[in-house]
Amino acid sequence: MGKYFFLIICGSMSNILNIFFYLDITDINSDFGTYFIMAASLAQPTFTSGHLVLLMQSMIPMFAFQIVYGVYIYKHFCCASVYYFSRQKNRTRWFIGESVKIIKYTAIFFASYILTAIAVTIGVTGDSKVVGELCIYTFLYFVLYNFVFCMLINLVSIFTGSQNGIIITYGIQMASVFVLNVFNDKVQLTGIPLKLFKLNPASNLVVSWHSSSGKLGKYINMFNIDFDINVSLIYFFVLSLIITGVGGFIINKIDVTLENKEEKG
Amino acid sequence: MDKIELINVSKEIKKKKILEDINVKFEKGKIYGLVGKNGSGKTMLFRAISGLIKLSGGMVVADGKVLHKDISVLPSLGIVIENTGLYPEFTGFENLKLLSKINKKIGDKEIWEAIKRVGLDPADKRSFRKYSLGMKQKIVLAQAFMEDPEVLLLDEPTNALDEETVNLIREILLEEKEKGKIIIIASHSREDIEYLCDEVYKISNGRINVKRGGESNEEMV
């Protein structure tokens with residue numbers, strides 16, 4: 001119970017801090033959708049260095065979450081690994097169980113993050129017409145993205161230790177953000193550059209860069225490109241399945257007590 | 001469990017042979033001793049028997065079931081590996097409770113008794129990291145005994161223990177033997193080997209070279 005409460009408080013605080021640090025809280029003329037985009041979905045209007053740094057700053061709650069849950073599975077390889085794994089009769093089942101727990105904690109953290117953003121948005125704008133689709137997509141993107149990177153840290157850490165696991169995984173995420181800097185007047189979001197853009201995890205994470213028909217399209221579609229909001233959902237879902245599958249395979253192949261990179265145990 | 005058989009067991013790590021062509025059989029109701037120099041392969045053999053590492057060759061067969069084929073780890077195992085700890089932030093009781101939750105075979109009462117059996121106070125609120133070396137060894141032994149496993153693999157079980165506790169652990173091991181368990185001990189202690197073991201195997205450079213039983217044990221250590 002304490003763990004859930006901690007996650008809820010941290011998720012809420014993360015959003016509040018983000019809003020206070022990076023947004024104009026007095027923007028009372030916005031409607032719900034416009035303000036929520038700023039308050040929760042990491043929206044940045046250009047790929048300039050300044051905006052990408054702001055995007056990176058807005059991702060700090062994600063990085064903090066990943067530090068904690070990036071070692072959730074790996075910790076068993078550091079302490080008591082002999083005594084823990086000599087009791088595990090089915091490592092695949094255990095790994096799937098741990099993965100489900102990570103996705104549950106990710107969901108709780110980002111649900112409180114999004115709910116806080118909704119509450120703040122209603123409070124600031126006075127507009128109570130909640131754009132449910134926008135909130136749900138933002139939530140799902142955040143959960144799946146962070147699940148993928150938490151799992152990646154856990155798996156990389158098994159082979160390299162947690163310090164290297166975190167450095168490597170953060171490096172991938174930071175590179176994914178700053179590589180967007182190449183999109184400028186000369187490199188347009190068309191053809192091959194657009195295809196590469198669609199493969200970038202960072203660009204898939206930002207809801208407002210996507211396209212959608214209907215009511216939601218009014219608030220997103222920032223760059224007027226063909227980047228379907230549902231495709232990114234499938235993209236993250238497939239990545240989640242791949243990393244869980246690869247993890248399940250790795251966990252059965254490794255010599256548990258020989259892979260400890262931190263301390264004896 | 002009636003017997004564990006190692007057939008041509010080999011383990012190679014980075015092209016270095018750690019275990020080589022080991023053939024040995026362990027039967028219930030006996031205590032087996034493994035002796036050998038540091039780095040001779042004793043601990044690796046324990047890891048191989050338990051199923052914690054994959055073999056490069058050969059197989060471990062427990063009551064007809066092949067490890068890593070029919071079963072992933074020995075189904076009823078208590079193990080102690082030298083220099084391995086528990087979760088440092090938890091108390092001894094919390095550590096054992098966490099481990100017991102994996103198979104859900106025992107409850108708080110059995111954990112409490114296992115800790116008392118090795119001479120520790122189950123109500124001790126100190127975290128594992130604050131335990132002395134001897135206390136750490138005792139709590140690790142308690143986790144090996146607590147679920148009443150059929151097989152005990154104990155790497156240097158009396159390390160860091162005072163004389164009184166050494167005698168206590170020896171008594172416990174003889175009791176466990178009487179219950180019909182397979183007990184394998186790796187030890188540098190001549191007294192442990194002499195006092196406890198029915199059969200002794202000498203391991204050097206990853207190979208089991210000599211097998212002796214009964215009174216000639218003393219020559220091996």
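Reply:

**Where chain A meets chain B**

A:Asp255 and B:Lys11 form a salt bridge, with their closest N and O atoms 2.6 Å apart. The model examined here is a predicted one. In general terms, side chains of opposite charge can pair when their charged atoms come close. B:Lys11 belongs to strand β1 (residues 3-13) of chain B, whereas A:Asp255 is in the segment after α11 of chain A, so this pair joins two chains. Across the interface of chain A and chain B, two salt bridges are found by the rule. Over all chains, the structure holds 18 salt bridges.

Polar contacts may be considered next. Between chain A and chain B, 13 residue pairs are in polar contact, counting pairs in which both residues have pLDDT 80 or more. On the side of chain A that touches chain B, the elements giving two or more residues are α5 (81-85) and α11 (229-253) of chain A. Of these, α5(A) gives the most, with four residues. By class, the residues of this side of chain A divide into nine nonpolar, seven polar and six charged.

The extent of the contact can be described by residues and by area. In chain A, 22 residues are in contact with 31 residues of chain B. The size of an interface is often given as the accessible area lost when the parts come together. Between chain A and chain B, the buried area is about 2300 Å², and carbon and sulfur atoms give 56% of it. Within chain A, the residues that lose the most area to chain B are A:Tyr83, A:Arg87 and A:Lys89, which together make up 35% of what that side buries.

The empty spaces remain to be described. Rolling a probe the size of a water molecule over the atoms shows where empty space is left. The structure holds one cavity of 30 Å³ or more. The largest cavity has a volume of about 60 Å³. Its lining includes A:Ser86, A:Arg87 and A:Lys89 from chain A, and B:Leu74, B:Pro75, B:Asn103 and B:Glu147 are among the residues that line it from chain B. In that lining there are four nonpolar, three polar and four charged residues.

The largest pocket contains about 810 Å³ of space. It is lined by 27 residues, of which A:His76, A:Tyr84, A:Glu98, A:Lys101 and B:Leu98 are the closest to its centre. Two or more lining residues come from each of α4 (60-69) and α6 (91-125) of chain A and α2 (92-103) of chain B. The most is given by α2(B), with six residues. The lining of the largest pocket has ten nonpolar, five polar and twelve charged residues.

Definitions and conventions: Residues numbered from 1 in each chain as written. Chains lettered and ligands numbered in written order. Predicted model: local features only at pLDDT ≥ 70, side-chain atom pairs only at ≥ 80, totals over all residues. Heavy atoms only, no water. 1 Å grid on protein atoms, 1.4 Å probe; cavity = no way out; pocket = protein on both sides within 12 Å on 5 of 7 lines; lining within 4 Å. Points joined across faces, edges and corners; volume = space filled by probe spheres on them. Nonpolar A, V, L, I, M, F, W, Y, C, P; charged D, E, K, R; others polar. Contact = heavy atoms within 4.5 Å. Buried area = accessible area lost by both parts, 1.4 Å probe. Salt bridge = Lys/Arg side-chain N within 4 Å of Asp/Glu carboxyl O. Polar contact = N/O pair within 3.5 Å; in protein donor to acceptor, adjacent residues only side chain to side chain.
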